[in-house]
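This report examines how two protein chains meet. Please look at the sequence and the structure shown here before reading on.

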There are 2 protein chains.
Amino acid sequence: MNTASADEPRWLSDEEQRTWRAFMHATTLLEDHLDRQLQRDAGMPHIYYGLLVQLVEAPGRRLRMTELAMKAKITRSRLSHAIARLEKNGWVRREDCPSDKRGQFAVLTDEGYEVLERVAPGHVTAVRQALFDRLTAEQQETLGEAMRLIAAGLQPEGAGADLPWLR
Amino acid sequence: MNTASADEPRWLSDEEQRTWRAFMHATTLLEDHLDRQLQRDAGMPHIYYGLLVQLVEAPGRRLRMTELAMKAKITRSRLSHAIARLEKNGWVRREDCPSDKRGQFAVLTDEGYEVLERVAPGHVTAVRQALFDRLTAEQQETLGEAMRLIAAGLQPEGAGADLPWLR
DNA sequence: TCCAAAAGCTTGACACTTCAAGTAACCATC
DNA sequence: GATGGTTACTTGAAGTGTCAAGCTTTTGGA
């Protein structure tokens, strides 16, 4: 680490300021935009949609709660509440894990699958219009790399390195 | 889940998928990280901190509600609730606008200024560690440009082009 | 075998956001 | 000098997120 945070922090340069503000603006505007789009078309926020996507891609369309929480980058607590809501909608159902009685699977229902099928095209379009259509291939490449670096730095140490039931 | 749907949308390529997921992961992890950091050190979420920053930079440390909402990229409603909370903390106070009786100013109090002074160093450090320290100058440059393009595309049409009381 | 510690998940209370609806003041026009 | 439309902001309820505490089951030794 550098000098100190309590002493004399390295403030952001003007250029860094501009970058940071653009980052904040773009991400909040985009998240808001996608939230509204999905709330309107699917009746759920963006993050809930992400949960369904994770499930549809998983073998058997099911995932252990902890694993789903990790893939979606949210806490277990938040996931519990979210799955409770999605269950109420009939889009996900819980199943007990036979090999570990503490464990729960979140399973995508047929109804949930249909919602996804119906809503996915509009969502991709929204993402394209907001992001990919506005950037060159090079910019996309660099953006992806930058985001991977940032995410890697924030990921809790050996996150997910060893889920016992994945061995 | 490929063919189906009304129009046959252009699905994301594998590379685009990777970029998009990295984007989502990085932004949610970062927002969570900063929220926790500020909640711990300042007792407020990141967005509230952003409001105080906007105020401290404004002439007279005050801003009309609508203008503040625009700068912070949030709805007026959200701002109303947020300012109510910050007012309860004694960090912001409301003032009537003399020239327009519907108008309200949000004003940063001395106490609010002190919070900012106390908390800013740690926040800059957090941003540096999470973002700037991990990217080359070129990556930062491209990231900033990309974010500016995305934000511009999502900005409501002539947003803020003409606030009467700014003329 | 037994038990303390950890893992997996849930719960409830409180904080924050959203949405729709509401109030009050301004303004342009007749 | 009314009046219809717009602007500025607030409110309340319902939805979602966070945090700390809880329960049950599993694990790793003693």
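## Extent of the contact

The model is a predicted one. In it, 64 residues of chain A and 61 residues of chain B take part in the contact. About 6000 Å² of area is buried between chain A and chain B, and carbon and sulfur atoms contribute 69% of that area.

## Polar contacts and salt bridges

Between chain A and chain B there are 8 residue pairs in polar contact, with both residues at pLDDT 80 or more. The count of salt bridges between the two chains is 4. One of them joins A:R128 to B:E16, and the closest N and O atoms of this pair are 3.1 Å apart.

## The side of chain A that touches chain B

Four helices of chain A, namely α1 (14–42), α2 (46–57), α5 (110–130) and α6 (137–154), each give at least two residues to the side that touches chain B. The largest share comes from α1(A), with 20 residues. By residue class, this side of chain A comprises 31 nonpolar, 16 polar and 17 charged residues.

The same surface serves both copies, since 94% of the contact residues of chain A recur in chain B.

Definitions and conventions:
Residues numbered from 1 in each chain as written. Chains lettered and ligands numbered in written order. Predicted model: local features only at pLDDT ≥ 70, side-chain atom pairs only at ≥ 80, totals over all residues. Heavy atoms only, no water. Contact = heavy atoms within 4.5 Å. Buried area = accessible area lost by both parts, 1.4 Å probe. Salt bridge = Lys/Arg side-chain N within 4 Å of Asp/Glu carboxyl O. Polar contact = N/O pair within 3.5 Å; in protein donor to acceptor, adjacent residues only side chain to side chain. Nonpolar A, V, L, I, M, F, W, Y, C, P; charged D, E, K, R; others polar.
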